[in-house]
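Keep the structure open as you read.

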Amino acid sequence: MRRLLFAALVIAVSLCTKATAGADSFFFSTGDPNGLMASTARIGSAGKIQIETGDDFVLKHEILLQHATFTGLLINGATPADIANVNVDLYHVFPKDSNTVRTPNVPTRTNSPADTEFTGLDAAGGGLSFSANILNNSFSVGNSVLPGGIHPSPNQRTLGNGPVTGTEVKFDVSFNTPFDLPIDHYFFVPTVELNGNGEFLWLSAPKPIVAPGTPFAPDLQSWTRDSDLDPDWLRIGADIVGGTPAPAFNASFTLIGTEVPEPSSLLAIGSGGGIFGVMLLRRRRV
């Protein structure tokens, strides 16, 4: 009987391992930077208020999000050696996690990130690890949203802060505890803390997304806010830059993970467990 029980346990473990190993991989990308916009994305620190920029993605399957990249500029003389911390927050789409009865200080909250993030990790707390690799020592963009360039209604339309040049850097982030994300629409919001006077600006990507990016629908657009505007958000294109028609921007990032098998794909595991259960039942009856 012990041999039968051991054999059943081995079968069950084997089936479970094969199901996990056979899970489909997940990959999403908005594409490479297009040189049109760069928006500040920084962690608040002494003398610097927090400024967030977010862009959206859609999941059609539950996934374990294990890895991400995002590309931006280091300006004001900053180098990778000045990076003190990296944070990644995930937001639902408004009105989830939001106060819907207050009067917003922006033109609209439709399709914006929620008031508050529902999860997040940073390097300082040990939740993620990262590397920052220089792609280009001199990369220029046509427009920007810099600190001081975010204002509530009715003064939100500044046209942007104009062209900026900096060091193009790609952040490669691994989540030490993967995010378990069910089917939904999300915003990805990375922020960077720099020592000294440096700033990190997240670079825009093509909208609509083109190859080698991963087109999806509905593809919303990049939003931004600082801690003075919080909990509201502004559309970088429609609200801050403006125009007729107003531009809309994505932000350059990729997501990598593993699809969580649906219950039907775990039938084999259940069958293995059933065998094991029968063996236990038989043992109890003996």
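## A stacked pair

Phe57 counts as buried, at 1% relative accessibility. Buried means under 20% relative accessible area, exposed over 50%, and partly exposed in between, with a 1.4 Å probe and protein chains only. Tyr186 is buried too, at 1%.

This is a predicted model: local features need pLDDT of at least 70, side-chain atom pairs count only at pLDDT 80 or more, and totals for chains, interfaces and linings use all residues. Residues are numbered from 1 along each chain as its sequence is written, and side-chain values use heavy atoms, leaving out hydrogens and water.

The structure holds 16 aromatic pairs. Rings of Phe, Tyr and Trp (its six-membered ring) pair if their centres lie within 6.5 Å; planes under 30 degrees apart count as stacked, over 60 as edge-to-face and the rest as tilted. Phe57 and Tyr186 are stacked, 5.4 Å centre to centre with 25 degrees between the planes. Phe57 lies in strand E3 (residues 51-59) and Tyr186 in strand E10 (residues 184-194), 129 residues apart. Strands (E, at least two residues) are DSSP runs, numbered from the N terminus.

## A ring cluster

Ring pairs link a cluster that includes Phe57, Tyr186, Phe118 and Trp202.

## Around Asp97

Where is Asp97 found? Asp97 sits in the loop between strand E5 (83-92) and strand E6 (119-122). Asp97 is partly exposed, at 35% relative accessible area.

The side chain of Asp97 makes a polar contact with the side chain of His92 (2.7 Å). A polar contact is a pair of N or O atoms within 3.5 Å; within protein, one must be able to donate a hydrogen and the other to accept it, and residues adjacent in sequence count only if both atoms are side-chain atoms.

Technical notes: Helix = DSSP H or I, 4+ residues; strand = E, 2+ residues; numbered from the N terminus.
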